[in-house]
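Please open the model in your viewer and keep the sequence panel beside it.

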Amino acid sequence: MILQIYYALLQVAEVLLGAWILHNIYPEFRKDSRWRQGVFILSCLALSIIYAGNARDSFISTIFILLFSVLFSVIYCCCFKAGFFRCFLVEILYLISMSLLKLPVLILECIVSGKSVSEINRGGRTMTECVWCTILILSVMYAAKRKKFFDYYKRSVKLLVHQETGLILTLTGILWFLLGYGMRIGKTRFYTLDFIFSVVLILGIFLCLHYLILRVAYHEAQLDKDCLEISQEMLRKQNSELHEMYRKN
């Protein structure tokens, strides 16, 4: 019973952490009013409790992740100056990433117990699951605490969502499919090779995401450099023209 309550609290923290990340990317309210802020806070708390209630019965739920992301994005774009589609991409990418990181633990439990994924995924939560989820949440909080690191990724993710919307949507769809596929292949049982493959796949996915973020950041740096060079060239031309006019006069 204590584990169930603790895991529910972890899921509340996971949802609120995702809301905080989204708020840092799109922080402006549509109207600066207290009641709007209060509605948003109450909505976040209500949705986090619903998410935690579902998580008690299901360690990973692909359908609920999709539905929750849609509902949360609708509420968020009603309160903040942000488009629904962009909010949805950020939110579902965060929830899918957290669920993908939970998948190896679920596979490992299935291998050790010899049970199917449906038996382990549903029902009471274990100490291993609670400890791993705690580590994940603390890791995200530690990364968010490092201001320079978090600001860099926040800016890069925002640019990525704005400039590479189609690519991010495709990648999100692939991740959601892979998560669902990983759950389906365990309906009979998992094997050690499945665990190794899931770890390698997750590492590859996050390396791919990191590469995309670095690519956008590199293009942004190049654009700033080009703008600076153009500005410097214009200043040089103006200086030379002024110098020539002064010499003539």
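This is a predicted model: local features need pLDDT of at least 70, side-chain atom pairs count only at pLDDT 80 or more; totals for chains, interfaces and linings use all residues.

Residues are numbered from 1 along each chain as its sequence is written, and side-chain values use heavy atoms, with hydrogens and water left out.

Switch to a cartoon, and the protein shows 9 helices and 0 strands, where helices (H or I, at least four residues) and strands (E, at least two) are DSSP runs numbered from the N terminus. Of the 249 residues in the protein, 40% are buried, buried meaning under 20% relative accessible area, exposed over 50% and partly exposed in between, with a 1.4 Å probe and protein chains only. Among contacts (heavy atoms within 4.5 Å) between residues at least 6 apart in sequence, 82% join residues at least 24 apart.

Next, select residues 34–57, helix α2, together with residues 62–79, helix α3: the two pack at an angle of about 175° with their axes 10 Å apart. Axes are lines fitted to C-alpha atoms, for helices over the stretch in contact, and angles run from 0 to 180 degrees between N-to-C directions. The helices α2 and α3 are therefore roughly antiparallel to each other, a term used for angles over 145 degrees. Display the side chains at this contact, including F40, L47 and Y51 of α2 and F64, F68 and F72 of α3.

Now move to E129, in helix α6 (residues 127–145). Is E129 buried or exposed? E129 is buried, with a relative accessible area of 0%. The side chain of E129 is joined to that of R125 by a polar contact of 2.5 Å, and it also reaches the backbone nitrogen of T126 at 3.2 Å; a polar contact is a pair of N or O atoms within 3.5 Å, and within protein one must be able to donate a hydrogen and the other to accept it, residues adjacent in sequence counting only if both atoms are side-chain atoms. Beyond its neighbours within four places in sequence, E129 is in contact with F59, V105, L106, E109 and I120.

Finish at W20 in helix α1 (residues 2–25), which is partly exposed at 37% relative accessibility. Leaving out residues up to four places away in sequence, W20 touches A144 and F150. The C-alpha atoms of W20 and A144 are separated by 10.0 Å, although these residues lie 124 residues apart along the chain.

Terms used:
Angles under 35 degrees count as roughly parallel, over 145 as roughly antiparallel, 65 to 115 as roughly perpendicular and the rest as oblique.
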